[in-house]
Amino acid sequence: MPVGVSAYVPLANLTVATTAASVTFSSISQSYRDLVLVIMSRDTTASVVTTQFMRVNNVSSGNLYSNIFMQGSSGGATSSAQNSQNEWGIGFSFGSIASSGIYATNTYNFMDYSATDKHKTVLAKNDAADVSNGGTRTTALRYADNSAITTINVLPAATFAAGSTFALYGVTS
Amino acid sequence: MLIPLGFWAAAGAGGGAAAGAYELIATGIGTGSSNQIIFSSLPAGYKHLQLRMVVGSTLGYEQGSSMAIQFNGDTSGNYTFHQMAGNGSGVNASAGTGQDGAYFGYISIPNNPVSVAVIDILDAFSTVKNKTVRNFNGYAWTSQNISLRSNLWSNTAALTQIRVFEANSNNLSTRSRVSLYGIKG
């Protein structure tokens with residue numbers, strides 16, 4: 001690795017102009033060690049806070065997705081796990097009736113995403129900071145397949161609202 | 001909305017990015033015959049350090065165990081921690097002093113390292129501050145764990161060595177890797 005070269009490389013950056021039914025990063029380079037996906041999102045769902053979903057490699061069957069999270073909110077500190085699902089559903093988006101100008105933040109670290117000798121584990125931080133809704137969540141997710149991740153699908157509860165941003169970075173090995 | 005990345009990735013790959021504040025220092029890969037990866041003679045020019053790792057051992061069966069970090073060869077009880085962790089059922093908090101390293105839990109699955117950690121070492125080269133470590137780690141298997149942990153190394157020496165090791169002397173598998181990054185400030 002040449003000295004003085006950045007190891008944190010921006011790969012793609014998207015801002016939703018009106019609405020988006022989903023956001024997909026495809027043909028992801030396999031040249032990096034980890035990926036970091038940073039999302040700030042609102043959803044057109046008529047709620048204050050709603051769920052953001054994710055799949056990889058366009059896979060939506062086979063019960064390959066599991067996660068565990070620890071959350072702090074006005075309801076206290078809790079932990080929950082979901083095993084053998086067909087997608088991850090642990091991200092936050094603020095909905096259409098949330099205060100204007102606030103976006104939930106979600107950061108996903110896809111560790112060893114290009115490896116073909118292990119399942120894929122992701123560390124995530126998901127935050128929806130509102131006066132009386134939402135929470136802060138730390139999460140470990142697993143995709144139970146040895147395939148390299150070449151595609152990431154991010155899905156809203158309804159549609160992503162204008163101003164939502166999605167930034168993907170590669171971390172050099 | 002589809003974002004094809006073939007072009008973007010080609011432009012960013014191969015070290016073509018400009019010099020930045022976040023740089024890879026070294027990556028260690030498990031050998032299958034050692035329980036540790038050591039980074040020594042740490043280079044100057046950085047303010048903070050970050051470890052990113054995927055770890056598993058050579059055990060032929062599933063077992064919960066611990067990883068640990070020691071600095072500058074210090075194996076004495078100079079480490080303190082606070083932790084909050086979730087296991088899918090509840091959240092617990094704990095703390096301890098007089099530790100001989102900065103520990104965190106992981107699970108070893110045969111031929112499938114699924115435990116990961118991102119660990120920040122703040123002001124790693126300061127000679128007036130004790131060292132603070134911020135650890136974010138977890139795994140999602142049939143058993144699961146997500147943990148936030150802070151560690152203090154009660155020593156103001158600049159870091160010269162970081163030892164990452166399997167705390168029960170199980171060898172790290174060849175599918176394990178630990179990468180060290182430097183952050184300028």
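How much area is buried between chain A and chain B? About 4,200 Å², and carbon and sulfur atoms give 66% of that. (Buried area is the accessible area, with a 1.4 Å probe, that two parts lose on being put together, summed over both.)

Before you click on, some ground rules: this is a predicted model, where local features need pLDDT of at least 70 and side-chain atom pairs count only at pLDDT 80 or more, while totals for chains, interfaces and linings use all residues. Residues are numbered from 1 along each chain as its sequence is written, chains are lettered from A and ligands numbered from 1 in the order in which they are written, and side-chain values use heavy atoms, with hydrogens and water left out.

**Stop 1: between the chains**

Colour the two chains separately. Chain A brings 54 residues to the contact and chain B brings 52; contact means heavy atoms within 4.5 Å. Now select A:Ile68, A:Met70 and A:Leu123: in chain A these lose the most area to chain B, together 14% of what that side buries.

**Stop 2: A:Lys118**

Next, go to the loop between E9 and strand E10 (120-129) of chain A, where you'll find A:Lys118. (Strands, E, are DSSP runs of at least two residues and helices, H or I, of at least four, numbered from the N terminus.) A:Lys118 counts as buried because its relative accessibility is 4%; the cut-offs are under 20% relative accessible area for buried, over 50% for exposed and partly exposed in between, using a 1.4 Å probe and protein chains only. Its side chain makes a polar contact with the side chain of A:Asp117 at 3.1 Å. (That's a pair of N or O atoms within 3.5 Å; within protein, one must be able to donate a hydrogen and the other to accept it, and residues adjacent in sequence count only if both atoms are side-chain atoms.) Leaving aside neighbours within four places in sequence, A:Lys118 also touches residues of chain B, including B:Val54, B:Pro113 and B:Arg175.

**Stop 3: A:Asn153**

Hop over to strand E12 (residues 152-155) of chain A and pick A:Asn153. Buried or exposed? A:Asn153 is buried, with a relative accessible area of 7%. Show side chains and look for its polar contact with the side chain of A:Asn58, at 2.7 Å. Beyond neighbours within four places in sequence, the contacts of A:Asn153 include A:Val23, A:Thr24 and A:Phe53.
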